[in-house]
Amino acid sequence: MESYLFPFDSLICMLLGISFTVLFTLLLVFIIVPAIFGVSFGIRRLYMKSLIKLFEWATLRMERGAKEKNQHLYKPYSNGIIAKEPVSLEQEIQDMRRGGAEPEFDMSDIFYFCRRGVESIVDDEVTKRFTAEELESWNLLTRSNYNFHHISTRLTALWGVGVLIRYGFLLPLRVTLAFTGVGLLVVLTSIVGLFPNGRMKNYLSDKVHLMCYRICVRALTAIITYHDSENKPKNGGICVANHTSPIDVIILASDGCYAMVGQVHGGLMGVIQRAMVKACPHIWFERSEVKDRHLVAKRLSDHIADKSKLPILIFPEGTCINNTSVMMFKKGSFEIGCRVYPVAIKYDPRFGDAFWNSSKFGMVNYLLRMMSSWAIVCSVWYLPPMSRMEGEDAVQFANRVKAAIARKGGLADLLWDGGLKRGKVKEVFKEEQQKLYSKVLVGSSEDCSRS
Amino acid sequence: MGSRASSLLREEDIEEIKKQTGFSHSQITRLYSRFHSLDKGENGALSREDFQRIPELAINPLGDRIINAFFPEGEDQVNFRGFMRTLAHFRPVEDNEKNKDPTSGEPLNSRTNKLFFAFQLYDLDRDDKISRDELLQVLRMMVGVNISDEQLGSIADRTIQEADTNGDMCISFSEFTKVMPGKAIDITADLQNGA
């Protein structure tokens, strides 16, 4: 029996060995070496273009399938189901009353609040920002399909092939690259940390960071387009960007060198953090220090004052938002009084939704989902630097920067706090509504001529 | 795998809801998706906390009363049918109702039913009368701390005086209907007709 298997055995071993070597060489040549030098073969863009054609075809098939069965294809309304006009409280109540006569209490006033309430139940601006955006066309990922029963056999076969490719080929490849990238980051930054402080160290640290982030970018098959690179952040400034996922960091850091800000973590993250800080100064806070706003502000200002240190990267929203809007910016980083370099990041959701719904998925689950998507496609816009103007306080400055980022990235500009993802809305806002209505009732009795 | 909400709603259910409430097919699937996204506990029913999680509703002075309107007497959960029945009150009134079934009674979004919904926002103890206290309660919710008790009391008295025709110092449903301006009803939440 065994004599049969022997010659096959060594043959199989040889084949496996050869294929591994070939694979590894290909990996090295096409992925890692370009990452080191920051060049690109354009393979990813070609991949992206073919994927778009594929998705459009898939959607057409589903529409055709739906029409044959005489059913409606579920289409998400990006504008919501309600026709809303921005009218003020006073105006609306006056319109509702008998032709805008004497403003006093009218029993129909409750209709205003009633209608606003029901409108917000049917569709509101805030809760939908904390779940993944819904797509117009299907991208052959199960997780974003709402029309399951409209799929023909051909589409199902295509989807099956897609699953094989994504989980059988792309995922292992990407995981290997990710480990390589992170491993190299830890090892090389530790080595650079042994050098004496000086220009050589900074130069090497920059190169090492860039190289490792580029490998990570390829590990996610991220296809990034950078716009307006002449506005790239410089030393002594703060870079602010809208936050959609932890990948934002990798995307920005593979094009420029930043000092990161964050809490000290344990485990693998902690190892990475400790290694990184050996090569160049990042700002890591202990959990206890995070609450102390003055301490945080002081450390940030000290870092900025030192012109030899890299620009700080901060995400003022404080939490991940689903990339359809920009939510309230926390004013802390805008109080420091240095130049702010805004950056807008917009992901293309067709290839893979980058939003991290941290209440639904843990970090590892999220990364696996990222690595088994088709690709991460995004655009980055570097906006010209802004500084606080005379007579402007931190909140107004923050809102101004936020509006610029929202405008550039094509996102909705919201005043709501991203903290609403987890917490309750403050009573203050309800009190404001009450005050406005009171003015309608009472303000009238002041200029009411009778009685 | 994440099978989405619309696939959990069967065609028969959609047809029934369509007949009962008058919403179109696409509106129903859309609202079901919304219902599903509000249902954090994923048990097919909404609780009061699920509604409270909507910030714009939480800051509405009458938010609690509106939420209450969704829950039947003494219950803490509302399922999709109940959700749709309540929302149906806010569909704009149409002149030619396509599914007009003479035996099914008045459609949910008729003027009378819309007014009754509003009446019930005031009438907390469901005794079919709005007393001075109930009126004061709603007024207090709407103005917060910005108006004094005396002023609020006089506003309430004046309102009851204007509306009350049978002298019982309470507002009944028919008296309520008479003081409602025609305009107020029609602009109640225009739910856009989807394709």
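**Close-up views of a predicted two-chain model**

View 1. In its unreviewed entry, UniProt places the feature "domain: EF-hand" at residues 26-61, 110-145 and 151-186 of chain B. The model shown here and in the other views is predicted. Residues 26-61 of chain B are 61% helix and 6% strand, and the C-alpha atoms at the ends of this span are 31 Å apart. For residues 110-145 of chain B the content is 67% helix and 6% strand, with the end C-alpha atoms 36 Å apart.

View 2. Ser172(B) belongs to strand β4 of chain B, which covers residues 171-172. With a relative accessible area of 18%, Ser172(B) is buried, because the cut-off for buried is under 20%. Leaving aside residues up to four places away in sequence, Ser172(B) touches Phe119(B) and Asp128(B).

**View 3. Salt bridge between Asp157(B) and Arg132(B).** The side chains of these two residues meet in a salt bridge with an N to O distance of 2.7 Å. Asp157(B) sits in helix α9 (residues 149-163) of chain B and Arg132(B) in helix α8 (residues 132-143) of chain B, so the pair ties together parts that are 25 residues apart in sequence. Asp157(B) is partly exposed, with a relative accessible area of 34%. Arg132(B), at 34% relative accessibility, also counts as partly exposed.

**View 4. Salt bridge between Asp13(B) and Arg81(B).** Here the side chains of Asp13(B) and Arg81(B) form a salt bridge of 3.4 Å, N to O. The pair links distant parts of the chain, 68 residues apart: Asp13(B) is in helix α1 (residues 11-21) of chain B and Arg81(B) in helix α6 (residues 80-88) of chain B. Asp13(B) is buried, at a relative accessible area of 15%, whereas Arg81(B) is partly exposed at 31% relative accessibility. Both residues belong to a network of salt bridges that also includes Arg10(B), Glu12(B) and Glu16(B). Over all chains, the structure holds 18 salt bridges.

View 5. Glu119(A) and Arg115(A) meet through their side chains in a salt bridge (3.4 Å, N to O). The two residues are separated by about one helical turn, because they are four residues apart in helix α4 (residues 110-122) of chain A. Glu119(A) counts as buried at 5% relative accessibility. Arg115(A) is buried too, with a relative accessible area of 12%.

**View 6. Buried face of helix α11 of chain A.** Helix α11 covers residues 363-371 of chain A, and its buried residues are Tyr366(A), Met370(A) and Met371(A). Seen down the axis of α11(A), these residues fall within an arc of 130°, so they line one face of the helix. Among the elements that cover them are α5 (153-192), α6 (199-219), α7 (247-253) and β8 (376-382) of chain A.

**View 7. Transmembrane spans annotated in chain A.** The UniProt annotation "transmembrane region", from an unreviewed entry, covers residues 20-43, 151-169 and 175-195 of chain A. Residues 20-43 of chain A are 79% helix and 0% strand, and their end C-alpha atoms lie 21 Å apart. Residues 175-195 of chain A are 86% helix and 0% strand, with 31 Å between the end C-alpha atoms.

Methods
Residues are numbered from 1 along each chain as its sequence is written. Chains are lettered from A and ligands numbered from 1 in the order in which they are written. This is a predicted model: local features need pLDDT of at least 70, side-chain atom pairs count only at pLDDT 80 or more; totals for chains, interfaces and linings use all residues. Side-chain values use heavy atoms; hydrogens and water are left out. UniProt positions are given in the numbering used here, feature names are shortened, and annotations may be inferred rather than shown by experiment. Buried means under 20% relative accessible area, exposed over 50%, partly exposed in between (1.4 Å probe, protein chains only). The arc is that of the directions from the helix axis to the C-beta atoms. Contact means heavy atoms within 4.5 Å. A salt bridge is a side-chain nitrogen of Lys or Arg within 4 Å of a carboxyl oxygen of Asp or Glu.
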